[in-house]
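The chain is shown first, and the description follows.

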Amino acid sequence: QVQLVESGGGLVQPGGSLRLSCAASGSIFGINTMGWYRQAPGMQRELVATGTSGGSTNSASSVKGRFTISRDNAKNTVYLQMNSLKPEDTAVYYCTAFIMAMDRSARDYWGQGTQVTVSS
């Protein structure tokens, strides 16, 4: 069984910073892409940033220059450093990863989500 566990969300003032973490655990053979999506109330879930095991990254234009995705492959963990936060960044942030399990089945997995609220 594979699971993703997120941490690091919370309430922060505009201009502040937060760091989200997401650790994958269980019967893991390998992990390809890991990333973050977010969903604000009444909105569709949208891509924030992704990173491959080889180090390539991709991020939404709305967060470029403010958010940085990174990975610790040895720990099966992905991070999202969020700086210069704006009220429009308020959303539930979801971690995702494409994981091959020990039984060689492979699919996308999702975390439970962590709330990020940017407000004064």
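## Basis of the description

The structure is a predicted model, and local features are reported for residues with a pLDDT of at least 70.

## Strand pairing around E3

Strand E3 comprises residues 18-26 and pairs with strand E1, residues 2-7, in the antiparallel sense over six bridges. Within this pairing, Leu4 stands opposite Ala24 of E3.

E3 also pairs with strand E8, residues 77-82, again in the antiparallel sense and over six bridges. Here Arg19 has Gln81, in E8, as its bridge partner.

## The salt-bridge network

How many salt bridges does a search of the whole structure find? The search finds three salt bridges, and a network of such bridges links Arg38, Glu46, Arg66 and Asp89. Arg38 belongs to strand E4, residues 28-39, and counts as buried because its relative accessible area is 6%, under the 20% limit. The side chain of Arg38 makes polar contacts with the side chain of Glu46 at 2.7 Å and with that of Asp89 at 3.0 Å. Both pairs also qualify as salt bridges: the closest N and O atoms are 2.7 Å apart for Arg38 and Glu46, and 3.0 Å apart for Asp89 and Arg38. Asp89 lies in the loop between E8 and E9 whereas Arg38 lies in strand E4, so this pair ties together parts that are 51 residues apart in sequence.

Asp89 forms a further salt bridge with Arg66, at 2.7 Å from N to O. Arg66 is located in the loop between strand E6 (57-59) and E7, and Asp89 in the loop between E8 and E9, so the pair ties together parts that are 23 residues apart in sequence. As to accessibility, Asp89 is buried at 1% and Arg66 is buried at 11%, while Glu46 is partly exposed at 35%. Leaving aside neighbours within four places in sequence, the contacts of Arg38 include Gln44, Arg45, Val48, Ser62, Val63 and Phe67. Also among the contacts of Arg38 are Glu88, Ala91, Val92 and Tyr93.

## Thr114 in strand E11

Thr114 is part of strand E11, residues 114-118. Is Thr114 buried or exposed? Its relative accessible area is 11%, and Thr114 is therefore classed as buried, the limit being under 20%.

A polar atom of the Thr114 side chain lies 3.4 Å from the backbone nitrogen of Gly9. Apart from neighbours within four places in sequence, Thr114 is in contact with Glu6, Gly9, Leu20, Ala91, Val92 and Tyr93.

Which residues form the nonpolar patch on the surface? The patch consists of Phe29, Met100 and Met102, which together have about 290 Å² of accessible area. Met100 lies in strand E9, residues 91-101, and is partly exposed at 31% relative accessibility.

Ala101 is likewise located in strand E9, but Ala101 is buried, with a relative accessible area of 8%. In a regular strand the side chains alternate between the two faces of the sheet. Beyond neighbours within four places in sequence, Ala101 is in contact with Val2, Ser27, Ile28 and Phe29. Phe29 is also one of the patch residues. Ala101 and Asn76 are separated by 25 residues in sequence and by 13 Å in space, C-alpha to C-alpha.

## Positive phi values

Most residues other than glycine have a negative phi. Asn76 has a phi near 50 degrees, a positive value in a residue other than glycine. Asn76 is found in the loop between strand E7 (67-72) and E8, and is partly exposed at 24% relative accessibility.

Arg104 also has a positive phi, near 75 degrees. The position of Arg104 is in the loop between E9 and strand E10 (106-110). With a relative accessible area of 47%, Arg104 is partly exposed.

Terms used. Residues are numbered from 1 along each chain as its sequence is written. This is a predicted model: local features need pLDDT of at least 70, side-chain atom pairs count only at pLDDT 80 or more; totals for chains, interfaces and linings use all residues. Side-chain values use heavy atoms; hydrogens and water are left out. Helices (H or I, at least four residues) and strands (E, at least two) are DSSP runs, numbered from the N terminus. Buried means under 20% relative accessible area, exposed over 50%, partly exposed in between (1.4 Å probe, protein chains only). A polar contact is a pair of N or O atoms within 3.5 Å; within protein, one must be able to donate a hydrogen and the other to accept it, and residues adjacent in sequence count only if both atoms are side-chain atoms. Contact means heavy atoms within 4.5 Å. Patches are made of residues with over 30% relative accessible area and no salt bridge: like charges are joined within 9 Å, nonpolar side chains (Val, Leu, Ile, Met, Phe, Trp, Tyr) within 5 Å. Accessible areas come from the Shrake-Rupley method with a 1.4 Å probe; for residues, only the protein chains shown count as cover. A salt bridge is a side-chain nitrogen of Lys or Arg within 4 Å of a carboxyl oxygen of Asp or Glu. Two strands pair if DSSP finds at least two bridges between them.
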